[in-house]
Amino acid sequence: MCTERGNSRRNFLKIVGSLGAAAAASPLYRAFAGPGAGTDEFFVFIHAQGGWDVTLGLDPRNEKTGLIVPATTKNIDYASLTRWENDSAALDGDEYSFRIVQPAGSKIPFGPAIGDLANHYDRLTVVNGLAVNTVSHPDGTVFAATGRHLAGGRVAATSIDTMMANEFGAEQLFPAVSIRYPSSFVGQTLDRRAMPLLVDSIGSMGKSLVRSTRYELPEDRAAVTSMLTDEANDLAARAADPSAWKGFGLQFASLQKMIGGPVQALLDTNKLKLAQPSFDYAAQYMGQFAPNAAFAIEAMKQNLVRSVAFAMGSFDTHGADYTDQGQKQQEMFNVIARLIEALDATPHPTKTGSKLSEHTHIVVVSEFCRTPQVNLGGGRDHYPNGTSLIISPRFKGNTVFGASDTEQLLPKATRAFTDGDRSIGPPDVLATFLSAFGVDPRKYMRDGEPVPEMLK
Amino acid sequence: MKRNFLAILLTAAGLTLGSGQIGCNHGGDSSSPPDPNAIPSVPVGALPGHDSLAQDDSHKEGPRLLPAEVYIRMYLDLFGGLSPLDAEAAARGTDGTLFDHWSDYLASLGLPDYEKDIARVGQTNAIMVATFERLGLALCDRAVERDLRAKTGSKKVVFAFDLTPAEPTDKEFADRFDVLHRTFLGYPAVMAETPRISRFLKIYRDTVARHVALKGGTSSFTPTEAGWAAVCHGLVRHPELHTY
């Protein structure tokens with residue numbers, strides 16, 4: 001308890017002052033600051049929301065061993081899977097599991113839900129047997145994105161997209177765009193401009209920039225904006241601390257550029273679909289998320305973002321809906337395949353002669369995986385094992401790191417870490433990702449140890 | 001308005017203090033004599049058995065922006081103390097070109113969206129600024145329709161004055177602008193540190209001239225209405241409105 005009134009009052013005034021300072025330092029005033037040094041790297045983070053069944057995709061199992069009951073022609077809608085081929089021998093009577101998908105040259109075995117992403121095996125770094133140590137959606141989601149479990153119900157650390165935006169993207173117009181991704185911003189040492197822009201959809205962002213022409217003319221709004229810029233600059237000239245007023249001046253000038261300019265087109269779902277026609281926007285489950293990938297490409301092409309993070313799902317199939325798990329994964333992996341191909345076809349905005357794919361780094365995670373057994377409802381429940389997928393020019397492609405055991409699908413000890421032999425965990429994956437860009441993981445993370453073997 | 005906003009700011013800070021989380025100096029006032037019974041502070045790692053325990057070093061407190069609700073409440077108060085649903089209906093009007101639904105802008109305004117599990121935004125950002133501008137423009141335009149087209153003597157909320165029969169003289173404009181300036185920024189326009197009246201007069205005159213040149217073209221506003229709407233836009237977007 002506080003008992004000293006004078007001290008309370010001083011602190012009270014300090015807080016009032018700090019609230020003002022927070023306002024002045026916030027992106028409201030600084031989002032449109034002039035161009036800085038920045039970087040040439042871009043980041044895409046995808047959360048497979050709900051907990052994916054890795055036995056169908058990145059950690060495939062087609063044998064009945066121990067606890068494991070694989071996907072079969074009886075428990076999966078296999079007809080929708082383009083890579084499904086019945087295994088050579090029947091599993092049980094007329095029930096067949098699948099044949100492992102492994103394109104020529106691939107060291108990575110895939111399940112039948114991998115879709116077109118198998119074509120890009122040489123770019124993929126698969127991390128299997130992740131010790132997620134949770135079967136709770138909120139906890140696993142936050143753990144995968146931050147490397148820290150929830151502290152009670154509270155997010156205790158900054159998410160990876162915010163970390164990268166803070167390191168490399170504060171000068172971008174949109175340092176971190178987060179579309180239903182579990183982004184978090186924790187701590188006072190981060191640049192406030194790196195605060196992720198949390199939105200429900202790209203379209204909802206676009207609505208904010210729509211201006212009716214029914215009442216006033218664009219010239220009217222431009223004149224008001226120009227006058228307000230003058231007001232802000234005059235107030236800045238008279239102020240003891242002009243930063244907030246100067247920020248307003250920059251903001252007014254730049255907001256005008258956003259409205260009606262290329263940024264507005266970037267936030268229009270229909271225009272995104274036209275700009276990136278290769279995605280299957282009509283796909284049954286994941287078509288609705290494909291505009292997020294299209295947005296990522298277009299925003300990176302214009303050098304307006306540093307990080308785009310979005311969720312796709314839901315893969316939470318506890319019951320009869322498990323039959324669709326394969327199709328859902330296939331549609332998601334196809335989105336990622338199209339994303340890779342589009343990045344290959346897109347020139348880098350600042351590095352002449354380079355492709356975007358040479359400087360774009362993609363991380364796909366889920367909160368956990370699904371049980372090796374099929375439950376009485378025909379579905380699979382939550383299971384404390386995980387898989388991450390990294391597609392980055394700085395990571396070794398065509399590589400599987402870590403493993404789950406053959407009978408229980410639980411994480412196996414992978415290597416000797418400084419705290420002993422153990423399986424790799426989400427903090428290690430995030431720490432390795434940070435280290436790939438020369439960032440000291442300890443700047444952001446309490447746990448996690450870089451695994452240099454995963455890097456080129 | 002300025003006083004109201006400061007009161008909100010102070011209340012917010014007061015509530016934070018009242019929670020007992022911030023502002024306590026457990027070491028006592030430096031002017032007080034040391035308490036002989038006080039237990040000295042010891043790092044947790046020095047306590048037996050605590051040296052190997054993980055510590056939660058995550059951030060617990062700190063300066064933060066006022067919640068988006070504070071700004072929204074300010075907008076609702078400015079435009080007649082409307083409820084959020086009434087404000088939505090007023091802003092949408094019959095054509096829906098100026099505003100949609102609050103639910104379309106929850107995340108953009110920084111509010112949590114529990115249905116979609118989107119957390120509250122702790123800092124403002126570019127889209128939030130653009131969204132508040134869209135809301136402000138909508139409320140201004142609807143206020144023009146309501147107040148400036150109302151019969152003389154009827155209750156007016158924002159444009160609480162009668163229009164002159166002809167285009168206002170500079171003095172007549174200044175008198176009416178002062179009403180708006182006090183409403184939005186909380187003090188007389190003549191006390192502004194910038195050439196505010198002349199700047200807004202120019203905005204008004206230029207806007208009227210543009211709309212006269214349209215000759216009833218594409219705008220639903222008369223030139224006079226468009227002029228006053230532009231003045232309202234300038235005030236609802238004014239930096240002083242957002243910082244006081």
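Residues are numbered from 1 along each chain as its sequence is written, and chains are lettered from A in the order in which they are written. Local features in this predicted model need pLDDT of at least 70.

**Exercise 1.** Work out which span helix α11 (residues 325-344) of chain A should have, and compare the C-alpha ends.

*Solution.* Helices are DSSP runs of H or I with at least four residues, and strands are runs of E with at least two. The expected span is 1.5 Å times one less than the number of residues.

**Exercise 2.** Find how the axes of α6 (residues 170-185) and α7 (residues 196-214) of chain B cross.

*Solution.* Begin with the axes, lines fitted to C-alpha atoms over the stretch in contact, with angles from 0 to 180 degrees between N-to-C directions. The two come within 10 Å and cross at roughly 105°. α6(B) and α7(B) are therefore roughly perpendicular (65 to 115 degrees).

**Exercise 3.** Decide whether A:N398 and A:L409 are buried or partly exposed.

*Solution.* Count other C-beta atoms, placed from the backbone, within 10 Å: 20 or more means buried, 12 or fewer exposed, and in between partly exposed. A:N398, with 15 neighbours, is partly exposed, and A:L409, with 25, is buried. Now check phi: about 55° for A:N398 and about 60° for A:L409. Most residues other than glycine have a negative phi.

How values were computed: This is a predicted model: local features need pLDDT of at least 70, side-chain atom pairs count only at pLDDT 80 or more; totals for chains, interfaces and linings use all residues. Angles under 35 degrees count as roughly parallel, over 145 as roughly antiparallel, 65 to 115 as roughly perpendicular and the rest as oblique.
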